[in-house]
Amino acid sequence: MKLLNIQEKFIKVKRPKYLIKLAKNLIKFEEKGTKVYIPKERYTIDLSLTENPLKFSKKILKVIDKEKYNINHYSDPYNRELKKALSKKFGIHENKLIFGAGADGIIENIVRILINPGEKLLMPDLTFLNASFAAIIAGGKPIFSKMNKEFHIDFDNLKNKIDKDTKMIFLCNPNNPTGLIESKKDIIDLVKSTDALVVVDEANIEFGGESVIKYVNNFDNLIVIRTFSKAYGLAGMRIGYCAGNEELMYYMWRLRPPFVNTYIAQKCALEALKDRKHIEKTRKYIGNERNFLSKELRNMDFYVVNSSTNCFLAKVTPHFKSSTEFNNLLHKNDCNVVDGKNFRSLGTDYVRIAPQLHSTNIKFVKIVDRLLKEKAK
Ligand SMILES: Cc1ncc(COP(=O)(O)O)c(C=O)c1O
């Protein structure tokens, strides 16, 4: 395999063979078609990323202006101000909270610290994949459970896959890329049914679904991840957090570098948290735009999965040969969505669409309409 040779050639520093083996495992996994979507470039009409089109609270600019001469300060490694605010918001003890470089940073931290070589990380087949990559890097094994026909998590199938080597179960609510919400009952039943650690990634929870964050007070095997990247509009600041049992959070905190979040990110996140109106406005706006896009696509005869959050799946075949053909045609029009082939088990029928500003969404609809007409010629 070509890629693997390149890998060996370039690892010139003397490394234990084990690291090379892990790198090879990761590349093999990716070569099976499972990749993280990382945009190579920005398109003018870009509906690929779930970034907040309304950006962030207006108060954030004031914070940046006020704090800009203080960025010589190291940040507070304990994140005390933010911890206090979140502890109050959720009714969770401060010692149950730790912070990371976005939800991604937390996922990386949890998985690499807790998964030992040979241990399994179980997750649904169609979801945000970063935990599976982290598991491979840790020497663990990602195991996947089936989705049901409506693209929801099949909780029975998930539970049946749990065995003595299952260290962790990872799921997202709402799920990405489907935008579908799982019930609090199903999630808590799962937590109760196992000794494995259940990690619930609630990066997009402000858009729909019922959070289980306060249940970390009841269950030691539950970790809930949140972020300031999505509804709060601070993706570029890289700040997220998780809640879980005190002992675990303590060790996770000890086993990470001290200054993971920047001084300015901590100040902005604190301010963002206070502006509930911005979150409400964002949720409403995204809801309207998701409904607008879904309706327009359905009018053009596309099958659209019925999401009630900030992204959704649309089936682009048989109008187009595949999701890749569809996206390539969009690219020629300076437009972009996520090709479903980036996600395990989705194949090349679907694309993931994340609503943006209304003016952008209108342009997207017009381009799709034109592409369909050109196809019909
Ligand atoms: C479910 C889920 N988890 C994690 C992330 C990463 O978020 P962050 O920017 O906080 O790292 C995303 C972003 O797309 C996501 O949808």
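This is a predicted model: local features need pLDDT of at least 70, side-chain atom pairs count only at pLDDT 80 or more; totals for chains, interfaces and linings use all residues.
**Exercise 1.** How many nonpolar, polar and charged residues does the shell around the ligand have?

*Solution.* The ligand is surrounded by 14 residues, and Gly 102, Ala 103, Asp 104, Thr 227 and Ser 229 are the closest. Sorting the shell by class then gives 5 nonpolar, 7 polar and 2 charged residues.

**Exercise 2.** Work out why the radius of gyration of the chain agrees with that of a compact globule.

*Solution.* Begin with the chain length of 377 residues, for which a compact globule would have a radius of gyration near 21 Å; the chain has 21 Å, and therefore the two agree. Next, take the extent of the C-alpha trace, which is about 65 × 50 × 45 Å along the principal axes. Finally, turn to the interior, where buried residues amount to 42% of the 377 residues.

**Exercise 3.** Determine the strand order of the open sheet that 4 strands form, and find the helix that packs on it.

*Solution.* The order is E9-E10-E13-E12, with antiparallel pairing. At the edges stand E9 (303–304) and E12 (338–339), each of which pairs on one side only. Between E10 (residues 312–315) and E13 (residues 350–353) there are 4 bridges in the antiparallel sense, and within this pair Leu 313 lies opposite Arg 352 of E13. Helix H12 (residues 323–332) packs on the sheet, where H12 touches E12 and E13 and its direction makes about 45 degrees with that of E13.

Notes. Residues are numbered from 1 along each chain as its sequence is written. A residue is near a molecule or strand if its C-beta atom, placed from the backbone, lies within 6 Å of it. Ala, Val, Leu, Ile, Met, Phe, Trp, Tyr, Cys and Pro count as nonpolar, Asp, Glu, Lys and Arg as charged, and the others, Gly among them, as polar. The radius of gyration is taken over C-alpha atoms; the globule rule is 2.2 Å times the number of residues to the power 0.38. A residue is buried if 20 or more other C-beta atoms lie within 10 Å of its own, exposed if 12 or fewer, and partly exposed in between; C-beta atoms are placed from the backbone. Two strands pair if DSSP finds at least two bridges between them. Helices (H or I, at least four residues) and strands (E, at least two) are DSSP runs, numbered from the N terminus. Two residues are in contact if their C-beta atoms, placed from the backbone, lie within 7 Å. Axes are lines fitted to C-alpha atoms, for helices over the stretch in contact, and angles run from 0 to 180 degrees between N-to-C directions.
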